[in-house]
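Visitor: I've never looked at this structure before. Could you walk me through it, one question at a time?

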Amino acid sequence: MADGSDWLADNVAGIAVSAIKEMAMRAASLEDVASLTWGLPSFQTPAYIRTAVKDLLDRDPQSGMYSLPDGLPSLCRAVAAGHEAATGIGVNPDRNVVITAGNMQGLNALFHTLLNPGDEIIVTEPGFASHFQQIRLCRGVPVFWPLDAAEGWRLAPEALPGLITPRTKAIVLVSPSNPTGKIFTETELRRVGEIARQHGVKILLDDPYSQFCYENRDRYFNLASVPELADTLIYLFTFSKAYAMTGWRIGYMILPEAMKKEVLKVHDATLICAPRVSQLAAEAALTGEPVHLKTFETILARRRELICARLDRLPHVFAYRKPEGAYYIFPRIVADHGNAHDFCIDVLEKAHVTLTPGAAFGPSGEHHLRMAYCVADEVIDSAFDRLEKLFGV
Ligand SMILES: Cc1ncc(COP(=O)(O)O)c(C=O)c1O
């Protein structure tokens, strides 16, 4: 390459650091910024998990060692039991469970396992930008499946068959979804399951947010509870959000036995195993009483009301729908602007508030913003006080 970057692989050159991190890094060079950009809950890892780990670090001489690649057997058993309790589907801890270093690592191992160069993965959009980047890094092609904006970002199964080609390997689903907060309905999800099965395409169900459904709990449907999808669906759960364990880097996946054998090759070659100390924490999380969950959900529900109330005071700037789950809101910019990215830079520079430009989540996200309301109430209030000052009330 003429610019001297011939050491750089094309697939890496072809992607960018996510807009979320870009905004966070830009903000780091400024003083006193109110950040709504990063989906990092303000909560501390619950005490019953911290206490169990402290104790095990002293008592268990192996706590600092590698585990088997697929994870500690006792944790795999706890995962299998928890999965059966949640979905009614029995899985074998040895044959169907892999403990991951969070869903990003689990997905990365899956994309490596599934993709030949040029193979396709269907992703809903707006959707989680890191999915798109990971697919590209694995030399695959993310194929955008637009959510139906006119119907509040509804999943549109009727559009799915038209996107499937001989190169399609999988479909990624997230519900409640990031960045829209949409909970996909049981009917929609079952239809996607049928289509995937008919076409021999896998479903990768990335689940960080199912504990946060607020008054819509009854509408949440876990597609992993459909027995007919046992060979089609890979379920990935992360402790990051529901257990406030983002920094522990821990999750798990439930997958068909034949796939586990292949995925383990990637997992072992790239990670060896999930951090053992985090596996101990995950086991404590699953075997203890998750009393914190109700509290987290109550606090997040209050913050959702707060951010909606604050948005209501700026109808000349933002139009929004109340999110159903997760902890993001995805307003449309109605104020005069060029594009969402420039709007966010402008707001950061003039008001010291970080927001994430919606285009980072796919083409339908242009002219939208993502705001994460998992941060402290004071941060939400401070961000909106500044926005009100900038735009007038
Ligand atoms: C849809 C989605 N998947 C995965 C992750 C990251 O999960 P983990 O921390 O387990 O890697 C996030 C975090 O924001 C997310 O929104």
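What follows is a chat that goes from the whole chain down to single residues.

Guide: Two notes before we start. This is a predicted model, where local features need pLDDT of at least 70, side-chain atom pairs count only at pLDDT 80 or more, and totals for chains, interfaces and linings use all residues. Residues are numbered from 1 along each chain as its sequence is written.

Visitor: How many helices and strands are there in the protein chain?
Guide: Helices here are DSSP runs of H or I with at least four residues, and strands are runs of E with at least two, numbered from the N terminus. Counted that way, the protein chain has 13 helices and 14 strands.

Visitor: What percentage of the residues count as buried?
Guide: Buried means that 20 or more other C-beta atoms (placed from the backbone) lie within 10 Å of a residue's own; 12 or fewer means exposed, and in between is partly exposed. Of the 393 residues in the chain, the buried share is 47%.

Visitor: How far apart are the centres of domain 1 and domain 2?
Guide: The domain bounds come from an automatic or database domain assignment. Domain 1 covers 10-45 + 292-391, while domain 2 covers 65-287. Their C-alpha centres are separated by 25 Å.

Visitor: Which element gives the largest share of the side of domain 1 that touches domain 2?
Guide: Contact means that the C-beta atoms of two residues, placed from the backbone, lie within 7 Å. By that test, 33 residues of domain 1 are in contact with 35 residues of domain 2. On the domain 1 side, α1 (10-13), α11 (292-312) and β10 each give two or more residues. The largest share is four residues, and it comes from α11.

Visitor: Which residues are closest to the ligand?
Guide: A residue is near a molecule if its C-beta atom, placed from the backbone, lies within 6 Å of it. The shell holds four nonpolar, eight polar and one charged residue, where Ala, Val, Leu, Ile, Met, Phe, Trp, Tyr, Cys and Pro count as nonpolar, Asp, Glu, Lys and Arg as charged, and the others, Gly among them, as polar. Of the 13 residues around the ligand, the closest are Gly102, Asn103, Met104, Thr238 and Ser240.

Visitor: Which residue is the bridge partner of Glu120 in β4?
Guide: Strands pair if DSSP finds at least two bridges between them. Six bridges join β3 to β4 (residues 141-146), and the two strands run parallel. In β4, Glu120 is partnered by Val141.

Visitor: What is omega near for the cis peptide bond from Asn178 to Pro179?
Guide: Most peptide bonds are trans. Pro179 sits in the loop between β5 (168-173) and α7 (186-199). The bond from Asn178 to Pro179 is cis, with omega near 15°.

Visitor: Is Tyr214 buried or exposed?
Guide: Tyr214 lies in the loop between β6 (202-207) and β7 (233-238). Its phi is near 55°, a positive value in a residue other than glycine. With 21 C-beta neighbours inside 10 Å, Tyr214 counts as buried.
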